[in-house]
Amino acid sequence: MTKLNVNSYEYSNFSQNGEDGIIEFFTKNLKKNNKFFVEIGSGNGLINNSTNLVLNNWSGIVLDFTKNMTEYNNLLKIIGSEKILTIGTYLNLSNINEVIEYFIDKEISLFSLDIDSFDFYIMNEILKKGILPKILCLEYNSFLGQEPITVEYHEVFNHKVLDKKRGLYFGVSLNAWKELLTKYNYEFICVDKNGVNSFFVLKDSLNIDTKILYGEQFKYTNSWMNKFDLPGNVLEADLMKQFKGKFINVKTLI
């Protein structure tokens with residue numbers, strides 16, 4: 001049986017870490033692809049995981065701060081797409097249900113989440129509503145290590161304020177995502193080679209056997225290691241020490 005290295009498909013048109021290529025690989029192998037996406041944390045459209053799909057005639061919903069959405073709408077005018085709904089807001093648990101209403105009845109081929117904060121809490125609420133996108137592209141924080149943990153929830157979350165030393169107190173560990181998504185019948189496939197996003201597929205949604213797929217199973221995030229000129233295990237140990245008692249085991253949240 002021929003094995004397929006998913007990371008070998010990486011390329012970037014608008015994504016930062018080769019996600020465009022991985023997303024294309026998965027979406028081309030969906031049994032049913034209605035070309036609808038949701039991206040929470042889309043930025044202004046110039047660097048994200050969905051603009052490449054917009055250029056390939058997908059429809060979808062993007063969400064980010066109002067300023068970013070203003071710039072995104074200007075980009076859409078240049079692209080000429082009228083299939084994208086832009087939502088400008090600060091997303092948290094207070095308004096997540098209002099946002100969910102925009103896509104609760106949609107069949108989502110790709111869902112991307114990257115808000116550098118309480119990502120786990122948002123995804124947990126979406127899944128509890130019975131919304132099960134076929135492909136998930138989820139940022140993970142590699143420096144949270146191997147335990148299934150996430151950060152404490154703050155209604156207003158700013159990782160640069162909460163962690164003035166390095167800004168690494170945010171997000172969710174890879175194994176926390178696995179803990180949550182296994183419950184909803186997702187299979188973990190790989191992370192990108194730069195150690196930023198993880199990829200999960202809903203079981204039986206692909207027209208190829210996921211057993212033949214392989215790729216990076218865990219990577220420390222290159223950009224943070226380069227920024228601080230420190231190896232990943234050192235950054236992890238320091239973060240765990242600095243915020244001891246400030247992480248939540250996600251088993252208590254599911």
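## Close-up views of a predicted model

**Figure 1. Strands β3 and β4 sit side by side in this predicted model.** Strand β3, made of residues 59–64, pairs with β4 in the parallel sense, and five bridges join the two. Now look for helix α3, residues 66–79, which lies across both β3 and β4. The helix runs at about 160 degrees to β4.

**Figure 2. Seven strands form an open sheet.** Follow the strands across in the order β4-β3-β2-β5-β6-β9-β8, and notice that the pairing is mixed. Which strands stand at the edges? They are β4 (84–88) and β8, and each has a single partner strand, so one side of each is left without a neighbour in the sheet. On average, neighbouring strands of this sheet are turned by 15 degrees against each other, with direction ignored.

**Figure 3. Helices α5 and α7 pack together.** Two packed helices are described by the angle between their axes and the distance between the axes. Here, α5 (residues 119–128) meets α7 at an angle of about 10 degrees, and the axes are 11 Å apart. Because angles under 35 degrees count as roughly parallel, α5 is roughly parallel to α7. From α5, the contact is made by D119, F120, M123, N124 and L127, while α7 brings A176, W177, L180 and L181. Sorted by kind, the residues of this contact are seven nonpolar, one polar and one charged.

**Figure 4. The buried residues of α7 share one face of the helix.** Which residues of α7 are buried? They are L174, A176, W177, L180 and L181. Seen down the axis of α7, these buried residues fall within an arc of 155 degrees, so they line one face of the helix. The buried residues of α7 pack against β5 (110–113), α5, β6 (135–139), β7 (149–151), β8 and β9.

**Figure 5. Helix α1 is mostly covered.** How many of the ten residues of α1 are buried? Eight of them are. To pick them out, look for E19, D20, G21, I22, I23, F25, F26 and T27.

Figure 6. K35 lies in the loop between α1 (19–28) and β2 (36–40). N185 is found in the loop between α7 (174–182) and β8 (186–191).

**Figure 7. T210 is a buried residue in a loop.** Look for T210 in the loop between β9 (197–202) and β10 (213–214). Why does T210 count as buried? Its relative accessibility is 16%, and buried means under 20%. Leaving aside neighbours within four places in sequence, T210 is in contact with E187, I189 and V201.

Technical notes:
Residues numbered from 1 in each chain as written. Predicted model: local features only at pLDDT ≥ 70, side-chain atom pairs only at ≥ 80, totals over all residues. Heavy atoms only, no water. Helix = DSSP H or I, 4+ residues; strand = E, 2+ residues; numbered from the N terminus. Buried < 20%, exposed > 50% of the residue type's maximum accessible area, 1.4 Å probe, protein only. Contact = heavy atoms within 4.5 Å. Pairing = 2+ DSSP bridges. Axes fitted to C-alpha atoms, helices over the stretch in contact; angles between N-to-C directions. Parallel < 35°, antiparallel > 145°, perpendicular 65-115°, else oblique. Nonpolar A, V, L, I, M, F, W, Y, C, P; charged D, E, K, R; others polar. Arc of directions from axis to C-beta.
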